Amino acid sequence: NTVRMQAIRDVEAYVPPAHSFDESEAPGEVFGENVFSKSVMQKRLPKSVYKSVMATIEKGAKLDPLVADAVASAMKDWALEKGATHYAHVFYPLTGLSAEKHDSFFEPTPDGTALAEFAGKTLIQGEPDASSFPNGGLRNTFEARGYTGWDVTSPAYVLENPNGNTLCIPTVFVSMTGEALDHKTPLLRSQQAMGEHAERILTLFGHSDLEHVVSFCGPEQEYFLVDRHFFLARPDLMNAGRTLFGTKPPKGQEFDDHYFGAIPERVLGFMMDTERELFKLGIPAKTRHNEVAPGQFEIAPMFERGNIAADHQQLLMTTFKTLAKKHGMEILFHEKPFAGVNGSGKHVNFSLGNSQLGSLLVPGDNPHDNAQFLVFCAAVIRAVHLYAGLLRASVASATNDHRLGANEAPPAIISIFLGDQLADVFEQIAKGPATSSKRKGIMTIGVDTLPQLPTDPGDRNRTSPFAFTGNRFEFRAPGSMQTVSGPMVTINTIMADSLDYIATKLESAVANGLDFDAAVQELLTEIITEHGAVVFNGDGYSDAWPIEAEKRGLANLKTTLDALPELITPKAIELFAKYGVFNEREMHSRYEIGLEQYALTIGVEARLTLEMGTTVVLPAGVRYQTELAANVAALRAAGVEADLSALEDVTADLGALRAALGSLKAALGHEGEDESTLAEATHAREELLPAMSAVRAAADALEEIVADDLWPLPTYQEMLYIL
Ligand code: ADP
Ligand code: MG
């Protein structure tokens with residue numbers, strides 16, 4: 001009677017929660033219900049206060065303290081009406097998760113009652129005792145104070161709980177000396193830098209009275225769902241988020257029958273429920289579908305301003321976790337929960353623009369607009385080519401290492417896919433003025449010698465890490481578990497650098513009285529000639545690509561440990577400092593934290609492998625061995641010739657398992673002896689990972705021969721196909 005058998009019985013007996021669909025509610029009615037949105041502010045704030053807040057949100061104006069008091073008071077009243085008893089500054093520490101510190105609105109008064117208080121200064125700044133978050137050497141424990149500061153541009157919201165609601169305020173988290181301890185601070189800084197230089201270029205193209213240019217992000221989130229009974233019977237899923245043992249199921253994803261297939265009823269119920277909750281929080285959940293692997297799904301909210309998309313993405317993940325449990329399931333955000341089965345990514349769709357001009361990555365209707373579009377595209381090409389290593393480092397983690405480079409996710413080599421049409425245009429630009437096109441009739445030669453472009457580039461390339469998709473670039477390497485902030489900070493900063501470079505060149509050409517169009521043409525030719533090597537429209541999964549990429553001088557940083565040092569090269573430190581995103585200490589701190597998280601993740605997995613191998617897998621094998629031995633003895637006693645092959649097989653596999661466990665134990669024994677984080681991380685990659693693989697190989701071999709009723713762990717088959 002194994003834990004697994006019990007789990008299977010429990011799954012069979014499970015009754016899903018009664019549906020909560022309210023027929024009287026119009027679809028979409030609840031959207032933004034729990035958000036202190038612009039329209040709520042407009043209704044509740046005096047006109048002058050409202051105007052002042054809007055100026056801060058849209059034009060980046062400094063927030064007046066008197067305004068903060070008025071907003072805090074209106075926010076408090078609104079939240080109390082919504083049943084909130086507490087407020088929380090929500091911040092995004094470098095664990096990659098969200099953190100929150102709750103305070104009650106109510107303060108005791110001398111007459112023995114309590115009064116709801118919420119001052120402007122409490123809204124603007126908080127001081128959580130948050131000394132236990134990773135800081136990579138930025139703080140000593142004796143000066144451990146960290147401050148949270150309100151991000152006015154990301155709306156506050158009320159989070160519901162059956163036992164009482166909380167007003168949540170998205171904030172940055174910085175040290176006493178103002179250094180970033182979180183993901184939001186650099187995101188806001190980088191967004192500002194990028195916007196500033198984009199505006200210089202737009203001014204050159206004749207735009208005036210510009211609204212701030214910001215970055216937009218549309219994150220696509222892939223995830224797995226498993227029945228919670230199975231989850232609870234797998235210590236590896238519970239503690240590491242991925243299976244450390246398990247053979248591939250006889251039926252995998254080879255039929256491609258799951259991709260975009262009918263969504264199972266129970267999963268659909270979960271999706272409906274989550275989307276309604278997300279809607280209440282103002283998160284524009286839009287697309288949902290089955291993914292490639294069995295048990296794998298995707299949600300893609302509509303794109304939003306980068307920092308809001310990042311906050312919403314974190315909130316989406318927490319909402320999903322809570323609601324999956326309600327529906328008797330567990331959600332797995334890990335990049336590779338099941339070996340040999342497709343992993344999960346979080347594609348970051350990136351564009352820049354503002355509400356006046358829309359996305360600046362959209363081809364225009366006339367040659368003049370196209371010149372502007374091509375300039376912004378060229379900025380992306382230059383940025384990705386010069387700083388491919390930083391993009392790679394922005395998605396580096398122990399968990400994402402299992403995915404990048406496998407034939408399902410983009411390779412670890414960072415290249416750009418432009419599509420045939422656009423690649424063709426740039427090829428011609430490289431040769432000089434564009435005069436004709438592959439597909440006649442679509443492009444015409446404009447007066448400015450720049451061609452008119454088709455608005456739909458048509459083709460898609462699923463194997464490229466950075467693909468142009470018509471009105472945006474899609475960065476496909478980020479892992480499903482990570483926050484989108486890291487990649488967005490990098491994209492914004494490297495774009496700031498390219499846009500600055502371009503703006504400076506064009507400004508000086510204009511100042512020298514050169515023809516603007518000719519200067520643009522020359523600049524485009526220069527950029528594509530120098531940086532065109534990063535453009536690759538072929539198959540990123542092919543064996544020929546790494547060889548070709550090497551010839552082109554593109555880096556192939558296979559693991560996290562190869563990628564992280566990119567953060568502390570002089571080039572990187574100079575870049576981030578120049579645009580005010582990170583100072584040198586902050587860069588070193590991020591590097592240290594990256595190493596530390598890598599070593600910690602693998603350390604936990606290694607200890608779990610040892611524990612489960614010793615206490616779960618080995619005993620199952622021994623029981624089966626005993627059963628077989630008893631059978632042999634009984635046959636011999638009865639005078640029947642016994643076949644020893646099964647007994648010999650299990651004995652051999654048990655021998656291999658014991659030996660592998662011994663090696664893993666020895667490798668773990670070295671842990672903690674090394675003084676530097678780099679040495680620990682290297683030990684994890686060089687010693688622990690191979691030792692874990694050996695244990696797994698032996699254990700998986702046993703799974704294939706041990707009697708089914710003795711096998712203690714839910715199998716891949718059960719976890720992936722029973723929903
Ligand atoms: P696909 O599967 O084709 O990549 P999805 O619909 O799954 O498309 O996801 C596309 C994502 O890209 C969505 O989040 C969408 O809002 C986002 N997106 C669309 N246009 C832009 C844009 N201009 N800038 C940033 N993101 C965008
Ligand atoms: Mg996509």
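I take a nonpolar core to be a set of buried Ala, Val, Leu, Ile, Met, Phe, Trp, Tyr and Cys residues joined through C-beta atoms within 7 Å. The model I am reading is a predicted one.

Entry on the core. I looked up the largest nonpolar core and found that it holds 196 residues, among which V71, M75, I381 and V384 touch the most other members. I then asked which helix gives this core its largest share, and noted that helix α19, residues 584-637, supplies 14 residues. Turning to V384, and leaving aside residues up to four places away in sequence, I listed its contacts as L391, I414, I416, F466 and V534.

Entry on a helix pair. I looked up how helix α3 (residues 47-59) packs with helix α4 (residues 65-81), and recorded an angle of about 110° with the axes 10 Å apart. Because angles of 65 to 115 degrees count as roughly perpendicular, I describe α3 as roughly perpendicular to α4. On the α3 side the contact is made by V49, S52 and V53, and on the α4 side by V67, A70 and V71.

Entry on the ligand. Which residues come nearest to ligand 1? Of the 14 residues around ligand 1, I found these to be G218, F303, N349, S351 and R472. Strands β9 (214-227), β11 (296-301) and β14 (346-354) each supply at least two residues of the shell. By class, I recorded six nonpolar, six polar and two charged residues in the shell around ligand 1.

Note on methods
Residues are numbered from 1 along each chain as its sequence is written. Chains are lettered from A and ligands numbered from 1 in the order in which they are written. This is a predicted model: local features need pLDDT of at least 70, side-chain atom pairs count only at pLDDT 80 or more; totals for chains, interfaces and linings use all residues. A residue is near a molecule or strand if its C-beta atom, placed from the backbone, lies within 6 Å of it. Helices (H or I, at least four residues) and strands (E, at least two) are DSSP runs, numbered from the N terminus. Ala, Val, Leu, Ile, Met, Phe, Trp, Tyr, Cys and Pro count as nonpolar, Asp, Glu, Lys and Arg as charged, and the others, Gly among them, as polar. Axes are lines fitted to C-alpha atoms, for helices over the stretch in contact, and angles run from 0 to 180 degrees between N-to-C directions. Angles under 35 degrees count as roughly parallel, over 145 as roughly antiparallel, 65 to 115 as roughly perpendicular and the rest as oblique. Two residues are in contact if their C-beta atoms, placed from the backbone, lie within 7 Å. A residue is buried if 20 or more other C-beta atoms lie within 10 Å of its own, exposed if 12 or fewer, and partly exposed in between; C-beta atoms are placed from the backbone.
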